[in-house]
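Hello,

Here is the structure I promised to pass on to you. Please open it beside this message, and my notes on what turned up follow below.

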Amino acid sequence: MAILQKHGKNSNLDLANLKDNPPDDFGTAGSQKKWTEPNSNWSRPLARIWTVVLLLGTCLLYCARVAMPICAVNMAGQFKWSKSESGMVLGSFFWGYCFTQVLGGYVSDRVGGEKVLLLSAAAWGAMTAFTPILAHLCSQPIVSMTLARFLVGLLQGVHYPSLASLCSQKVVESERGFLMSTVGSGSYLGTLVIGGVGSLMLDLYGWESVFYVSGLLGVLWAYCMWKYLLKGEGPIITLESLGSAGAQSKMSKRHWLRLFRHPAVCAVIITHLCTASTFFTLLSWLPTFFKDTFPDAKGWVFNVIPWFVAIPSSLFSGCLSDHLIGQGFDTASVRKLMQFFSMGVSSIFTLALCGTTTFSTAVAFVSATMGLTTFSHCGVSLNVQDLAPSCAGALFGVMNTCGAFTGVIMVYFSGYLIEATGSWASVFALISVVNLLGLCSFLLFAEARRVDIEGVKSKYHNIHI
């Protein structure tokens, strides 16, 4: 487990000298501007406003994302879809989601994450609201719905890489944990909102209303952000703006290859891959686990309580992370501590599910697992911004793409294990092993010094295992 260690005075002097006398070899011509440009970070009041706005945006993102799973049963009955056809519609979102991660982060690093978030929200909101119309106009609803969900996945795929890029460019290091953990909790809040309100609308007004409301709210959120936060500035992204972006985002292929060969960067990618895979597996199979093991249990209990626990847990991890860094503890050690809780301690509760015999105990263990998993918002998810703030969006996109692909594979493999062994213990053991592999990689190789600018050798981020 990481040892928390405070910075010494000499370390602060070294950092000051580094900023006053930056190294000559920054990789690309003109990159030295990065050190002489005025501070562009948000003020604390402005950062709080953006935190609330981005929290709401992430909440609405998940409302639109989960709209189809909620309405799938009703739509299948109306359009006479088979189980495989319903699965094709539901799965098409994730294939689209994988393809725009890197592109979204790359563009955000060059033109600003707020512009990408704005344009994508307006697009996926409009596409979601237009979904019922497509279903009724097309003679083959299965085709139109598969295409519509694929496009929504494409448009939503840029969201988290853009958040990572925006946070690395606008938020000081000691406040990133609170912002990212708060914004990350919007995913759990959105799942709860659409699960409750969406189900009620489904019963009262039909499945179309769920798409109309969630989509139009996304468009409204984009409009309000443009009108009141961006002050009506045009969110247009042109080829010229991409070409004239800040020098810090222009990294050659040689520097990208060097970046991916760095042990700390490899550790971040592997760890995120592991934590995303295990999270997707739990998300996909826990409802089935409860139905198989406790057939008489009420579904709303195990579908709601873990998410209620995850929201305050995510907020707490952000506050704790920022507090420790603000007190002078080593950033790398704080990131490792958060990841230890996310993957190490949570695995204990996951393994405990193997011997669970009562419903209340199982719900408690699952709630603890999901709550602790949220600590990764202040661990590996933030570490990418420590390592490469100039290309955090693109690098996070690579991480998320790998995590999404391996998540799909692990979900399928878990289903095979259940059929082959007839035991849920094999799945929970697999999740724990994958978690521990990712955790060991992070504890051994993770750093918090910049590695995206060649020649920077920060001495104030010593790593202690």
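A word on terms before the findings: a residue is called buried when its relative accessible area is under 20%, exposed when over 50%, and partly exposed in between, using a 1.4 Å probe and protein chains only. This is a predicted model, in which local features need pLDDT of at least 70 and side-chain atom pairs count only at pLDDT 80 or more, while totals for chains, interfaces and linings use all residues. Residues are numbered from 1 along each chain as its sequence is written, and side-chain values use heavy atoms, with hydrogens and water left out.

First, the overall picture. The protein chain has 19 helices and 0 strands; these are DSSP runs numbered from the N terminus (helices are H or I with at least four residues, strands are E with at least two). Of its 465 residues, 55% are buried. Contact here means heavy atoms within 4.5 Å. Taking contacts between residues at least 6 apart in sequence, 85% join residues at least 24 apart.

Now the salt bridges, each being a side-chain nitrogen of Lys or Arg within 4 Å of a carboxyl oxygen of Asp or Glu. The structure holds 5 of them. One of these joins Glu-175 to Arg-44, with the closest N and O atoms 2.6 Å apart. Glu-175 sits in the loop between helix H8 (159–170) and helix H9 (176–205), and Arg-44 in helix H3 (residues 44–79), so this pair ties together parts that are 131 residues apart in sequence. Glu-175 is buried, at 12% relative accessibility, whereas Arg-44 is exposed, with a relative accessible area of 52%.

Another salt bridge pairs Asp-386 with Arg-335, at 2.7 Å from N to O. Because Asp-386 belongs to helix H17 (residues 380–387) and Arg-335 to helix H15 (residues 331–352), the pair ties together parts 51 residues apart in sequence. Asp-386 is buried at 4% relative accessibility, and Arg-335 is buried with a relative accessible area of 1%. Both residues also belong to a network of salt bridges that includes Arg-176. Elsewhere, the side chains of Glu-447 and Arg-449 meet at 2.8 Å, N to O, in a salt bridge, and both of these residues are buried.

Lys-336 lies in helix H15 and is buried, its relative accessible area being 1%. In space, Lys-336 is 9.4 Å from Ser-376, C-alpha to C-alpha, although 40 residues separate the two in sequence. Ser-381 is in helix H17 and is buried, at a relative accessible area of 10%. Leaving aside residues up to four places away in sequence, Ser-381 touches His-272, Ser-376 and Phe-396.

Lastly, how do H3 and helix H7 (residues 141–156) pack? Their axes are 12 Å apart and the angle is about 170 degrees. Axes are lines fitted to C-alpha atoms, for helices over the stretch in contact, and angles run from 0 to 180 degrees between N-to-C directions.

Best wishes
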